[in-house]
Amino acid sequence: MSEDHAVNSVATIELLRRDSQKILKGVLTGDPEKDRRNVSTLLATINAVSSNLDDAEITKNLVDMIVSLTEADRGILLLRDAEGDLEVTVARGLGGVDLEGEVTYSRSVAAKVTSSGRSVCIVDSLSGEYPRLGESVHELQLRTVMCAPLLMSDNLIGVMYVDSRLAREGFTGADLTVFEALCKQVAISLTNIRLKRASVRAEASSEAKSLFLANMSHELRTPMNAVVGVTALLLDEDLTPQQRELVEIIRSSADSLMALVSDILDVSKIEAGHLDMVSVDFDLRDVLEDVTDQLSLRALEKGLELVCPVELDVPVLLRGDAGRLRQVISNLVENAVKFTSQGEVSIWVSCDERDEDRATLRFAVTDTGIGIPDDHLETIFCTFSQVDPSHSRRHGGAGLGLPIAKHLVELMGGEMGANSVLGKGSSFWFTLPLLTQPGCALPVEPALTKLEGKSALVVDASVMNRVWLSTLMESWGCGCEEAEDPEQAMARLRRAATR
Ligand SMILES: Nc1ncnc2c1ncn2[C@@H]1O[C@H](COP(=O)(O)OP(=O)(O)O)[C@@H](O)[C@H]1O
Ligand SMILES: [Mg+2]
């Protein structure tokens, strides 16, 4: 908020306070419904202007406004404490002065409003209209009292109370209309103030949590590194088969724990906004090789084909955060291998856009696995979201991989999404704008003119490999056919020979 704005607000409030009766006369028409609306509009305006003041100022202003508009002697705002008892929160007298010392007010009237949830107006404590309440009000030397409930989404959070001494006139029906409208506005203001405080508290506590997590997971990694390192040394020793088996268990548990701790560290860093990216020169082929080296064994054990076609026009000498790129790709490939029991996993890299010194690359990790139901496709990018939590017991994982990957890609300026057909497979893709290394000229078209016009037959069990090889052959000017096994290949060859 600018200082000018604050000064302006204070001046406006001051003006409204001084001239409120005149202003109110202007908005009152005599029609109760219209008057209620007009007063609400007036109060909403005051509220909007007050939004730049602190909370205590706003409530004091509202109470002053009520005292002034109803021509009461005093106005008291009573709010419920944790036990549900009413407590005097603001008590103001004529001309906007704070009432000092213990404030007495008609507790019976306040209790009646609290229990019934309806407002009470005692026009004259001596008239006998409310025999018992009137008497108790008269004992306090008061003639007239109005009290209305303050409701926050149907919950009574307190009451607003105004009164005047015996020497004064009683409140009228018009006063009650105005009073009730004002009280509604007070309740709205209080709701806003509480929401604002709650959101400030929530933000502070979420930040504290992220910071705690970031520190904790950092501390956890140090001893874990020792466990992982020493276990590796132990495995180099002469161990009996039984000892080896036990140490292997320690190693694989330590590895999963390390991975989990690293993921938690990443999530907390992302949430706390403390994740910094680096920019280094790298070769895309090294990154892809690292990922396939790391995961090909696991794919092989499951009998899966792992292929990595990179289209010809993709620049490979790049500048960016190679470590984070590797992390994103390996997260996706790890999932693809984990959720596929037969078939293949491919990492297809293409180039969406390219100019002198930058390129937008597209990576697609596609599998022939279990697929993802449509209604889960959006939520799998949320932290701790898993389609089938029983998988995590079987395969490990806590549902942090995808949200981290998506965040990393977005931090690097790209986008991530997924397509899937249940039971057929999934494809996770992301785009990434990267700098190309200076001097990394546009790739020269390979001069393979010798192949132009020739026919080729691509034989491979992997669809991805076939598609990839055919694309390559076609780019070299070959006509291309595909076969997935030797029988099919022979049939194609025979057919070609008789043509
Ligand atoms: N390639 C995939 N095929 C099928 N389901 C997937 C695939 N990748 C991710 N999922 C679903 O998304 C969930 C979240 O993935 P992720 O965030 O990496 O967590 P985790 O691997 O720890 O379960 C997985 O538990 C799984 O239900
Ligand atoms: Mg995962």
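## Ligand 1 and its shell

In this predicted model, ligand 1 is surrounded by 21 residues, and the closest are Asn335, Lys338, Gln386, Gly399 and Leu402. Sorted by class, this shell contains eleven nonpolar, eight polar and two charged residues. At least two shell residues come from each of α9, α11 and β13.

## Polar contacts of the ligand

The side chain of Lys338 places an N or O atom 2.8 Å from an oxygen atom of ligand 1. Two further side chains approach nitrogen of the ligand: a polar atom of Asp367 lies 2.8 Å from a nitrogen atom, and a polar atom of Ser426 lies 3.4 Å from a nitrogen atom. On its own, ligand 1 has 540 Å² of accessible area, of which the protein covers 96%.

## The largest nonpolar core

The largest nonpolar core has 47 residues; the members that touch the most others are Leu284, Leu325, Ile329, Val333, Leu361, Phe363 and Phe430. Helices α7 (241-272), α8 (284-301), α9 (322-338) and α11 (401-411) each contribute at least two residues, as do strands β10 (344-354), β11 (358-367), β12 (415-421) and β13 (425-436). Helix α9 gives the largest share, eight residues.

Leaving aside residues up to four places away in sequence, Leu361 touches Leu284, Val314, Pro315, Leu318, Ser350, Cys351, Phe430, Thr431, Leu432 and Leu434.

## A separate core

Another core, of 27 residues, lies apart from the largest one. Its members include Val67, Met152, Val178 and Cys183. In soluble globular proteins, nonpolar side chains tend to be buried together.

Definitions and conventions: Residues numbered from 1 in each chain as written. Chains lettered and ligands numbered in written order. Predicted model: local features only at pLDDT ≥ 70, side-chain atom pairs only at ≥ 80, totals over all residues. Heavy atoms only, no water. Core = buried A, V, L, I, M, F, W, Y, C linked by side-chain atoms within 4.5 Å. Buried < 20%, exposed > 50% of the residue type's maximum accessible area, 1.4 Å probe, protein only. Helix = DSSP H or I, 4+ residues; strand = E, 2+ residues; numbered from the N terminus. Contact = heavy atoms within 4.5 Å. Near = heavy atom within 4 Å. Polar contact = N/O pair within 3.5 Å; in protein donor to acceptor, adjacent residues only side chain to side chain. Areas by Shrake-Rupley, 256 points an atom, 1.4 Å probe, with all protein chains shown as cover. Nonpolar A, V, L, I, M, F, W, Y, C, P; charged D, E, K, R; others polar.
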